[in-house]
Amino acid sequence: MHIYDLRFAHVGPDERVEHDATVDDYQRVQARLGLTRTVVVTPRNYATDNRITLDAIQRLGPERTRGIAVIRADVSEDELQSLHAGGIRGIRFTLYRPEFAVVDFDMLEPLAKRISRYGWHVQLHWTADQVVAHRDILERLTAPIVFDHPGRLPLPEGTRHPAFDIMRGLVERERAWVKLSGAYLDSQVGDAGGYADLDPIARSWIAAAPERLVWGSDWPHSPVSVKPDTGRLFDLLSRWAPDARVRQRILVDNPARLYGFPA
């Protein structure tokens with residue numbers, strides 16, 4: 001999920017910053033859904049300034065909160081150490097819309113090498129076509145990979161898109177994870193259709209590698225103007241994974257391994 005707060009400097013006008021998306025606002029979401037652990041991801045509005053994420057980690061509780069930062073290739077070693085001490089456990093490469101990106105594909109491999117010593121991972125919000133185009137880089141990466149939203153497989157192709165086999169191969173070799181989140185990003189039937197057209201994709205991942213999946217709300221759902229109900233998005237997981245033991249893995253056990261939450 002993401003935190004937005006006008007107390008922190010941001011890129012662009014104020015109206016591009018999500019409203020009602022502060023730490024206080026998110027704590028009400030937590031209470032409603034019964035969530036206790038959080039992974040805060042620096043939004044693109046703050047470029048490579050991760051102070052808003054570090055602040056959120058402290059306010060939500062560092063023992064139960066982790067962060068995903070955005071950094072560039074010129075980041076200093078001192079800054080990496082400071083980010084790690086502040087609860088950062090991965091870096092984000094949001095490149096599905098290159099015109100809005102503050103990082104690029106050329107930075108991925110050198111940064112992956114630098115963060116490996118900290119046990120961090122690279123979180124990739126790419127299109128499925130970008131996954132195919134950059135397969136060689138993905139195979140060479142020395143840091144674990146997390147495919148966001150889950151791999152942005154387009155419909156109606158879904159798992160027939162060649163990106164699925166590439167991602168699945170990395171997952172099966174324990175080189176990658178998949179995050180079940182952002183159902184509204186690629187669904188063609190949307191909330192009115194219960195996002196049912198994404199069921200085959202989610203269930204394929206659950207059948208293939210339940211031990212390599214995590215869940216995310218993607219709150220406050222910044223890519224869309226009409227916000228979905230976060231509770232309804234959470235309920236999708238019960239439809240995709242009716243077995244409570246599988247949900248325990250996705251919601252509790254797997255994120256503990258990936259993000260380093262205490263037992």
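How many of the residues of strand S3 are buried? Seven of its seven residues are, and the strand is thus described as mostly covered. The legends below refer to close-up views of a predicted model.

**View 1. Strand S3 and its pairing with strand S2.** Strand S2 (residues 65-69) runs parallel to S3, and three bridges join the two strands. S3 itself is mostly covered, with seven of its seven residues buried.

View 2. Helix H4 (residues 105-115) has as its buried residues Phe 105, Met 107, Leu 108, Leu 111, Ala 112 and Ile 115. These residues span an arc of only 130 degrees around the axis, and therefore lie on the same side of H4. An α-helix has 3.6 residues a turn, so residues three or four places apart point the same way. Asp 106 and Lys 113, on the other side of H4, are exposed. The cover over the buried residues of H4 includes strand S3 (88-94) and strand S4 (121-125), together with helix H5 (128-133) and helix H6 (135-140). At the start of H4, the backbone nitrogen of Asp 106 has a side-chain oxygen of Asp 104 within 3.0 Å.

View 3. Seven aromatic pairs are found in a search of the whole structure. In one of them, the ring centres of Phe 164 and Trp 205 are 4.7 Å apart and the ring planes meet at 55 degrees, so the pair is classed as tilted. Phe 164 counts as buried at 6% relative accessibility, and Trp 205 counts as buried at 0%.

**View 4. An aromatic pair between strand S7 and helix H10.** The rings of Trp 215 and Phe 234 are also tilted, because their planes are at 50 degrees, with the centres 4.8 Å apart. Trp 215 is in strand S7 (residues 213-215) and Phe 234 in helix H10 (residues 230-240), so the pair ties together parts 19 residues apart in sequence. Both Trp 215 and Phe 234 are buried.

**View 5. Arginine charges over aromatic rings.** The charged end of Arg 44 is placed over the ring of Phe 100, at 4.5 Å from the ring centre. For Arg 152, the charged end sits over the ring of Tyr 96, and the distance to the ring centre is 5.3 Å.

View 6. The bond from Leu 155 to Pro 156 is cis, with omega near 10 degrees. Pro 156 is found in the loop between strand S5 (145-147) and H7. The bond from Trp 219 to Pro 220 is likewise cis, with omega near 5 degrees, and Pro 220 is part of the loop between S7 and H10. Most residues other than glycine have a negative phi, and most peptide bonds are trans.

View 7. Asp 20, a residue other than glycine, has a positive phi, near 55 degrees. Asp 20 is placed in the segment before helix H1 (23-33) and is exposed, with a relative accessible area of 63%. His 149 is not a glycine either, yet its phi is positive at about 60 degrees. His 149 lies in the loop between S5 and H7 and is buried, with a relative accessible area of 5%.

Definitions and conventions. Residues numbered from 1 in each chain as written. Predicted model: local features only at pLDDT ≥ 70, side-chain atom pairs only at ≥ 80, totals over all residues. Heavy atoms only, no water. Phe/Tyr/Trp six-rings, centres within 6.5 Å; stacked < 30°, edge-to-face > 60°. Buried < 20%, exposed > 50% of the residue type's maximum accessible area, 1.4 Å probe, protein only. Helix = DSSP H or I, 4+ residues; strand = E, 2+ residues; numbered from the N terminus. Lys NZ or Arg CZ within 6 Å of the ring centre and 35° of its normal. Arc of directions from axis to C-beta. Contact = heavy atoms within 4.5 Å. Polar contact = N/O pair within 3.5 Å; in protein donor to acceptor, adjacent residues only side chain to side chain. Pairing = 2+ DSSP bridges.
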